[in-house]
Amino acid sequence: MNERLVSIRNLKVHFFTYDGVVQALEDVSFDIDRKQIFGLVGETGCGKTVTSLTILRLLPENAKILNGQVAFKGEDLLSKSEKEMRRLRGGSISMIFQDPASSLNPVFTVEKQLLRVLKEHSSADPTEARRRVIQSMEEVGLPDPRRILRLYSHELSGGMQQRVMLAASLLSDPDLLIADEPTSAIDVTIQAQILKLLRQLKDGRGLSVLLITHNMGVVAETCDRVGVMYAGNMAEVGTMRDVLKKPHHPYVRALLEAIPKPTLLGKELPEIKGTVPSLLNPPPGCRYHPRCAYATEVCRRPDASPQPTALTNSHFVSCYHPQGD
Amino acid sequence: MAEHRISFLLLRKNPVSLFGLIVITAFVLTAALAPWVAPYPEQGRGVPNLEAMFAPPSFTHLFGADSLGRDIMSRIIMGSRISLMISLVVVVLAIGIGMPLGALAGYMGGMTDEVVMRVTDLFLAFPSLLLAMAIAAALGPSLTNSMIALAISWWPWYTRLVRGQSVSLRERPFVEAARATGVRDRNIILRHILPNSLSPVIVQATVDIGTVILAAASLSFLGLGAQQPTPEWGLMVSSGRVYIFEQWWISGFPGLAIFAVALAFNLVGDGLREALDPKVRRSRRA
Amino acid sequence: MSKSSTRTRYILGAAIIIIVLAAAGGYFYYASTVPPPLPPQPLLLKVVTSAEFTTWDPSAAYSTEVFYMVNFYEPLLYANLPGSAEPFRPALATSWDVSPDSTVWTFHLRSGVKFHDGEPFNAAAVKYSIERTTNLGLGAAYLWGLLDKIEVIDELTVRMTLKYSAPLTRIASAEAAAWIMSPKSAEKGKDWFEAGNEAGTGPWMLESYKPREEVVLTRFKDYWGGWEPGQFDKINIKIVTEDVVERQMLESGEVDIATRVPIESVSVLNQTSNLIVYAKPSFNNYVAFLNTKRPPLDNSLVRQAIAYAIPYEDIIKVAAQGYATQARGPVPKGLWPHQDSLFQYTYNIEKAKQLLVQAGFPNGGFKIVLTYAAENPSEERFAPLIKFELEKLGIETEIRGIPWVEQWALAKGDPANAQDMFLLLWWPSMNDGYDNLYGMFHSESTPFFNLAYWYNSNFDELIDGAYAITATDSAKANQMYFQAQSLLVEESPTIFLYDAMSLFPMTRAISGFDSNPYYPFTIFFYPLKMASTSTGLGQILPMYMIPVPASVYAMRQEELLRAF
Amino acid sequence: MEGMSLRRREYFIRRIILTVLVLLGLTVLTFILAWIVPSDPAALYVGPRARPEEVAKARVLLGLDKPLYVQYFIYLRDIFQGDLGVSIRTKRPVLDDLRLNFPNSLELIIASLAIALIIGLPLGIVSAKRKDTIVDHISRVVTVAGVSIPAFWLGLLMQLLFMRVLGILPLGGRIDTIVGMMYPVKTITGLDLIDSLLTGNWPAFSSSLQHIILPALTLSAYSIGLIARMTRSTMLEVLGENYIRTAKAWGFSDRVITYTYALKNAIGPTLTVVGLTFAYLITGTFYVETIFYWPGIGSYSALALLSLDFPVIMGVTLVLGTAYVLINLFLDLLQAYLDPRVVLG
């Protein structure tokens, strides 16, 4: 049953800073189904992390959600109370981060931190809680959990720290796991193990994962569906095969061409001219138009940023001149 | 220098530091124009006026008169010149000694760094005001000696500050580049290291001027600083202490002046520190 | 978070609450209930002073500790108030007779007197005490320089032979170096005394001593003078360094007697219903030595000009709030040989300017250094007055307030680089003005107290001669003293500022108080009585205090003199 | 806890050696100070009315004729034997005076530090949590005011207000004269408040309490400012860390995040601030004890400064300096012990 778990519609988020208003997200929409790994891809600063934090409503004080809704299991998270949101966080939605070393509290042992999660979300007595913690640690492949429990985070390797984070997030059997660049801070050999682990959890537990990354290789290897973002816009959404094999959005196509492939050996690497626009005063209409070879007058109109148009029932692109066959 | 324009902007936005800025300007102006601003400059300097002995605050003497009938407001105004002079001399001396030492230690590293920093640690491992008191007492109580004492116990703060700066600056590419192109160490320190460690020094100096005024007043209160009849604020509070119950204004107003000026410098220093701290600039409230 | 840390947090919280409750409970318990009435309490006198012990040895005591010593120890005889019929009254000696040439003095001692350590008082004790003082040669021992030998005639008679004729009664009744101590205790040596012990015959014994905090005296039961009802049983003396604090303790009722209050508060204290400040004449006087060894002050015309430029009235008003009279020569009024008809400089800035013109300094144009003792609040108050008056003559004055030890050390150095003007508070250590004239103006090999460095042989012969014949031919002595002091005023090596009064603030409830200028910086507690027993010990004094009206007005001199 | 890991013990030893070096440096500093004193120590030692030959005798006795470095070693040997010289004013060994006055100052400093912590810590935490709100601005002005107010002036105002105008608190001193006489406090720890509490001597306890409130409040003003400011900046830093974001992502309640998760991280830097406040508490006693005539080391030293009683000035500088250095050493070691991360210096 592939029914919808998360559906995000026309999300608009702005940040108010001394330097001016950063228009971080503009009209972002996409869905995540159960038992599915959805990859959210884009260059740094395109709004991937802001989107994830908006789902969990963990945005800093100077951010404001101006528009859009975030439906999770049919309920709109944006209208929930802080108390309800707190029960969700670490409950049915949990999150792991990029740099595991600094994401664990340095002055508490692993045991104290994991038991704390359970204490917040369940009324299990100490022995029951300890059992579930050890079980969860074993599930994420941590060797000799009892020894690790007594250690502090600085006494663990990067990979082990990330596994502890994973163990913590699985404690209360979440439906959705948000993973914000989980492997970028870890060396490559461990990276593959973590990604394999995510896939096992998806199949084993029916867990949905929102995987945020800037690495197309990780997407190809792990994700079922993909959404490519550019400067706060959702350029293209579709199955992994749709987007990677048959990209229609000019930016996505240029992005995929720029990835060094064996076939390009010896040739000059193609690149996208121009730079990522500053979000303090982004270009009107489609934000890619200044760098887009196919940009026309309509792309520049301020009030009409391109809406997602369906290429197939699962492949959408937000562009007035989609390319490809 | 866009950075300083922004910090000034931030300073203006933060109302509390703005208040500090206004008080400081008033203080500096009063000090500069003291003889012309003071209603009775002669009494400010110390000439007694026995008719007005212990006169309470009134229109002729806004802050009242002291035990020799001298107008306290004029004494405070003339005293502002002394307080400003003390704090500027001490801070400039402290920077003059501390900054080059710090830059040298930070940049050179190795033995010089070890020696300079151990001596600095020795001074800093020790309440600086206690050291100042001991030196002032040893040299003999006078205004100049208290300034020397304060400068001797203040320079280590700048050495440590600038050393930290220059250690981090040393690795920066533009310094590496300068060294690579054969620029002599001395010039690197003068033209690169020192100017770049200026902004934290400015913040520290702003706060320090307030603290030095407080410290100098404390020394005078204990009789180690200015001598009669100099209108030094600490001395005025101390000599008014005997009359605190009947004639509270003799100690009251000079103490208020010390408090206001020290508060102003601390507020502006705080505002500057916050303004120059990059993390703060981005996360203002919605 | 494991269970243990939350448990510790609860325990910590509970502990804090308990302590706060205990403190609050204690406060309310104390404030609400007056403790059960105790058995009839001893009559306690509460005193506050800044006097501390620099030494406990009666032979060496010469500084602030005399405040306590006069109550522990007794001399052979006491000097009466100036101008009273009999100059002296018996103490440990009942009577004394002197040979015609006043070189041999015989004292008949009082019988039945005991020391605090139980030993009997006798001639041997007198001989032992005086010889111990002269041998140690500390403090005021130099007074006994004229003693040739001392013999015990019998149990209660002692004879002293002098090297030359002199009024020995004045020395035997001096404030210091004339006390008689118990030989048995004194044998234990100086360290025994310095550990905080006394062995006198006086009306008060030491009960307890906390350095820098508190001295408690209690009655010496078998004191030869006996005790009357109403006299005190115990005296608690608090030591405090600040005069403003002494005043507040007096006002808040924490003490009955204070010794030093800020001069400006005297008028306010006099207005409070339960307090009074007695102003008694004293032999303390303020002088300003001029450095006669350093130009331009080596020129007597310049010195006279300065003498005319001194604002005597203003100084008295600022430094003594009127509780003083302008000095007439170095010997204060009431002390022999004070000269009523001696010339007295007055403030006359025009005459000062003329004198400077004559002296060759038409508009001054030179700088002088003035030093005063930082501990002396009066000098600190009037020093600026001198500075700004001399400024009118074009003389620039640098004021330096330094501790007495330093001020004196500087002055005793080489006059060439010593100070120009030296402010000094002087008081005689002997009941004879000769001590002032000799101490301050007699020629000296190395500077000691003649800090004008003014050496005049004619002046020396006049005063030494007069002193020798004081006992035999006082009229001639007085005439010689007049000549000597006129010479002083003419040459004006020193400016005579004012004779200060001693101030004794206390509650009106105390009766029997009197102060004798021959015994400065002391209070004899024996004659005191508490008129009404309202502030007896039994009742705890409420901690609040009646707020005194803040109005202050300048006191005219006549009104002040009426105050005591 | 399994034995200290080697690296941490190494850190402790290095830290202790450094402290010993600093203390030696301190003795050199005080020795130099004693040396540049203008007046001649021998003359001072013998007293004002001494004759020149007595001064010469004292000069030899004090070893002032020997070369400088020998004098320094004599000075060092004396210190180890507890001989800090004799006070010119009180004629008693400096160490005895200090030992006599020390408990009173200690009690005042502990009371002030307690007040500073009780007021400073929450102020810092609250203003960090509610950054840039009205609460933050007010508390910032209060803390900066605390740091800028001259302690001696504040003391006078306190006396004027509470003693003269309201008349509800005593002027100063340790305890009320009569209560002190009738209900003497049996010394156990030397701290009157605690001794009277332990012996259930209520009148003495409440009188001591009444007498300590004003001086402790005056002395704590600076520390309140310092602790509040430092706690605020430390908390701000900690609240910005990633593990706090993780805690939020795992749904921890605000109270847990602030008071357990974040606070334990802030303990370390706060301890160093407490060490720093001791510097101001120690020098602060000089004025506060003088104004409230509190018989502690502060008033004793202030008097010594006024009367240029050099043996005392040098002795006090040495003793208070050493106390300050040792307190900071203790706090550093405590911090290293508490913080598992600390492996290196």
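These notebook entries record what I looked up in a predicted model.

**Ground rules.** I number residues from 1 along each chain as its sequence is written, and chains are lettered from A and ligands numbered from 1 in the order in which they are written. Local features need pLDDT of at least 70 and side-chain atom pairs count only at pLDDT 80 or more, while totals for chains, interfaces and linings use all residues.

**Chains B and D.** I found 37 residues of chain B in contact with 39 residues of chain D (contact: C-beta atoms, placed from the backbone, within 7 Å). On the chain B side, α6 (110-124), α7 (128-139), α11 (198-221) and α13 (249-276) each supply at least two residues. These helices are DSSP runs of H or I, at least four residues, and strands are runs of E, at least two, numbered from the N terminus. I noted that α13(B) gives the most, with 9 residues.

**Strand β10 of chain C.** I looked up β10 (residues 234-239) and saw that 5 of its 6 residues are buried (20 or more other C-beta atoms within 10 Å of the residue's own, placed from the backbone). Which strand pairs with β10(C) in the parallel sense? Strand β1 (residues 44-49) of chain C does, over 6 bridges; strands pair if DSSP finds at least two bridges between them. Here Val47(C) has Ile237(C) as its bridge partner. Strand β9 (residues 214-219) of chain C pairs with β10(C) in the antiparallel sense over 5 bridges, and there I found Leu217(C) bridged to Ile235(C).

**Leu497(C).** Not counting residues up to four places away in sequence, I listed what Leu497(C) touches, including Tyr286(C), Tyr312(C) and Ala327(C).

Terms used:
Two residues are in contact if their C-beta atoms, placed from the backbone, lie within 7 Å. A residue is buried if 20 or more other C-beta atoms lie within 10 Å of its own, exposed if 12 or fewer, and partly exposed in between; C-beta atoms are placed from the backbone.
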